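Please look over the sequence and the structure shown below before turning to the notes on salt bridges and on helix packing that follow.

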Amino acid sequence: MTTKRLRVLVLTCTTRPNALGPAVGRWLTETLAPEAERLGVDLVPLAIGDLDLPFLDEEEHPSTGVHHHDHTRRWSRIVAEADGFVFVTPEYNYGMPATLKNALDYLSPEWAWKPVGFVSYGHTSAGTRAVQHAKQVVTTLRLVPLGATVALRIADALRDGRLEPEARHADAAQGLLAELVRAARALAPMREREHAASVEGPLPGSYARRLGPDDAAEVTVLQRCCWMEEALANDTLAIPALHESPADVRAWLADWDTTGLWRDGRLLGMVRTRRIATDLHVGRLAVAPDLRGLGVGRWLLSRAESAAEEGDRIVLSTGAASHRNIALYERQGYVVLPGTWEQGVVDLVKPVAA
């Protein structure tokens, strides 16, 4: 599971002129700014009125992800990039604003498995009936509503016409953000598994996706686990994977095309490739020690080889005493290059047939 900063959209849901919503949204983002920075969260304030969304006007069903209008495509990108949401909403006649319902209805897969918190305001009920109304809708979209909320009773929050919520409201807002962060990180594997760029893995519940610099921490841990056995087999600690810092790993993740296999937030295995002329270099093939013998390594190697083109040569290396690795590669059609045993490392190649 990536350690990147979370992106939380703070959405002001009213479009009524002179409404209290924008002031509530500003108070919320200003109040939470220090805690958001501490938790590694980017708060992104946005007003529904700035989206220029007409009543739903797309021909295709939202579940298809096919959007024909620019306003829908823009809204889709904004929601897809977010890891969670806070809806700042009034209560209109015991319900949420039609503008929020319309914005929700435009999309479908973009919402899935992301937490949503509510900051409501109103008179008698402080907007809580709008929140209950909205929760019925968001759960259908596979959004995950939080238990923590902030409810502002207008008569208590206004002082001489200015919005001045009490200290307990600020405490409630911090509690909401803390719960949202925990939920967003816990739900990340479910979001990633259903992402269009993810593919089903060889183990039940596993999925593969491309790794990037934000995955450096998990890759560093996997390397240390996997290459200790290599070090023991070859009687040497002079193996780069054992000594690389997270910063070193972050640097090469930016340069190599690396695939990671995940399940429930755990990095199970990985492999990287890079092309040099007509050679496709394959490296860092790693499988968590407790999962060896289940075909994970062969599956990852096959994924790496799929990047080769007709006439290419696939090149990889392993320790000269890593007999299990060498046997695996030879079973997959690799041959040892002559004269590569002397330095304790074996180079193997596999031509790609025309």
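Is Arg 129 buried, exposed or partly exposed? In this predicted model, Arg 129 is partly exposed, with a relative accessible area of 27%.

**Salt bridges**

- Arg 129 and Glu 91 meet through their side chains in a salt bridge, at 2.7 Å from N to O, and the pair links distant parts of the chain, with Arg 129 in helix 4 and Glu 91 in the loop between strand 3 and helix 3, 38 residues apart.
- Glu 91, the acidic partner in this pair, is buried at a relative accessible area of 15%.
- Arg 5 and Asp 42 form a salt bridge whose closest N and O atoms are 2.9 Å apart; because Arg 5 lies in the segment before strand 1 and Asp 42 in strand 2, the pair ties together parts that are 37 residues apart in sequence.
- Arg 5 is partly exposed at 35% relative accessible area, Asp 42 is partly exposed at 33%, and both belong to a network of salt bridges that also includes Glu 37.
- Arg 38 and Glu 35 form a salt bridge at 2.7 Å from N to O, and they are separated by about one helical turn because they stand three residues apart in helix 1.
- Arg 38 is exposed at 60% relative accessibility, whereas Glu 35 is buried at 17%.
- Across the whole structure, a search finds 23 salt bridges.

Technical notes: Residues numbered from 1 in each chain as written. Predicted model: local features only at pLDDT ≥ 70, side-chain atom pairs only at ≥ 80, totals over all residues. Heavy atoms only, no water. Salt bridge = Lys/Arg side-chain N within 4 Å of Asp/Glu carboxyl O. Helix = DSSP H or I, 4+ residues; strand = E, 2+ residues; numbered from the N terminus. Buried < 20%, exposed > 50% of the residue type's maximum accessible area, 1.4 Å probe, protein only.
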